[in-house]
Amino acid sequence: MANTITSEADRADQGLGYAVNGPYYDVIFPESVRVSLTDALGRLVSGARAVAEIGPGTGVFTEALLTSLGPDGEIFAIEPTRIMRAALVTRLSRIPAAADTVTVLPEDALTAEVGIPLDAVVLFNLIMHFSPEQRVRLWLKWAGGLRPGGLLIMESQHPQTATAVPPSVIPGGMLGRHRYDTLARADIVGEDLIRWVMTYRTWRDDELIREETAEFDCHVVSDETLAAELSAVGLERHPAAPEGIQAWRRPKAL
Ligand SMILES: C[S@@+](CC[C@H](N)C(=O)[O-])C[C@H]1O[C@@H](n2cnc3c(N)ncnc32)[C@H](O)[C@@H]1O
């Protein structure tokens, strides 16, 4: 498969990665993760005026962010992968509050420009796509885009070290007569690089009627590495980040 120098947007255009994952995304997204990350956003971005969400995918958390904004708040949703952006725009077009609030940008995280100081930058289920060298640019760009007191928000990564993850089934939801789940495993493919192999399965009763597999090469980023990288761009740890959440603040004096 392509290595991570090729962007996920390009891989999807070749029918790989998110091109396979996209049609299943919402129905296989784990409900417990949706609830805990939504709760974290509610606590950390309540009343925000300007938020950038990088890699919003189909918009699961864009929709949640809409309920946390302050009056006149706005969101920049930065999604370079065409199939995910299609789902995002479709979702947003059905939400009246999004019409004058969410700007969708098709650029990627390293090239998108929002042009105003941000209260928060949200990067959920995303940072594994960036190499160490790309993360240096990512952090410099978006730490610099925060207003004093603004936050970078992401989840702690799993696994924390480059270890193989044995296969397990992640239950999904139902649509009509079909039930969905994901068989997931990770293999070690390099230094601090693992390959997630995700098989999206469609069941009718107990019969497996379809399975499609997507692979993603993912950089392993431990909490320790993240702390070193974010401290290096002048951010400080938020003292009350919810468990499992990495929230880093631009100091008032930076
Ligand atoms: C696992 S999905 C997460 C979607 C959403 N944040 C969520 O948690 O449901 C990762 C998303 O990041 C996007 N992505 C990958 N590389 C990106 C980049 N360089 N800049 C911005 N988004 C990127 C993908 O297109 C995909 O939609």
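This is a predicted model: local features need pLDDT of at least 70, side-chain atom pairs count only at pLDDT 80 or more; totals for chains, interfaces and linings use all residues.

User: What makes the protein as compact as a globular protein of its length?

Analyst: The secondary structure comes to 8 helices and 11 strands; helices (H or I, at least four residues) and strands (E, at least two) are DSSP runs, numbered from the N terminus. The radius of gyration is taken over C-alpha atoms, and the globule rule is 2.2 Å times the number of residues to the power 0.38. For 254 residues the rule gives 18 Å, and the radius of gyration of the protein is 18 Å, close to that value, so the protein is as compact as a globular protein of that length. Along its principal axes, the C-alpha trace spans about 60 × 45 × 35 Å.

User: How many residues of domain 1 are in contact with domain 2?

Analyst: Two residues are in contact if their C-beta atoms, placed from the backbone, lie within 7 Å. By this criterion, 12 residues of domain 1 are in contact with 17 residues of domain 2. On the domain 1 side, the elements giving two or more residues are helix H2 (18-21) and helix H3 (25-28). That side divides into 9 nonpolar, 3 polar and no charged residues. Here Ala, Val, Leu, Ile, Met, Phe, Trp, Tyr, Cys and Pro count as nonpolar, Asp, Glu, Lys and Arg as charged, and the others, Gly among them, as polar.

User: Why are strand E3 and strand E10 said to stand at the edges?

Analyst: Two strands pair if DSSP finds at least two bridges between them. The open sheet of 7 strands has the order E3-E2-E1-E4-E5-E11-E10, with mixed pairing. Strand E3 (102-105) and strand E10 (236-237) each have a single partner strand, so one side of each is left without a neighbour in the sheet. Within this order, strand E5 (residues 146-155) and strand E11 (residues 245-249) pair in the antiparallel sense over 5 bridges; Leu151 has Arg249 in E11 as its bridge partner.

User: What is the pairing in the open sheet of 4 strands?

Analyst: The pairing is antiparallel, in the order E6-E7-E8-E9. The edge strands are strand E6 (165-175) and strand E9 (207-219), each of which pairs on one side only. Strand E6 is joined to strand E7 (residues 178-190) by 7 bridges, and Ser168 has Ala184 in E7 as its bridge partner. Strand E8 (residues 193-204) is joined to E9 by 12 bridges, with Leu193 opposite His219.

User: Which residues come nearest to the ligand?

Analyst: A residue counts as near if its C-beta atom, placed from the backbone, lies within 6 Å. Of the 20 residues around the ligand, Gly55, Gly57, Thr81, Ala109 and Asn125 come nearest. The shell has 11 nonpolar, 6 polar and 3 charged residues.

Note on methods. Residues are numbered from 1 along each chain as its sequence is written.
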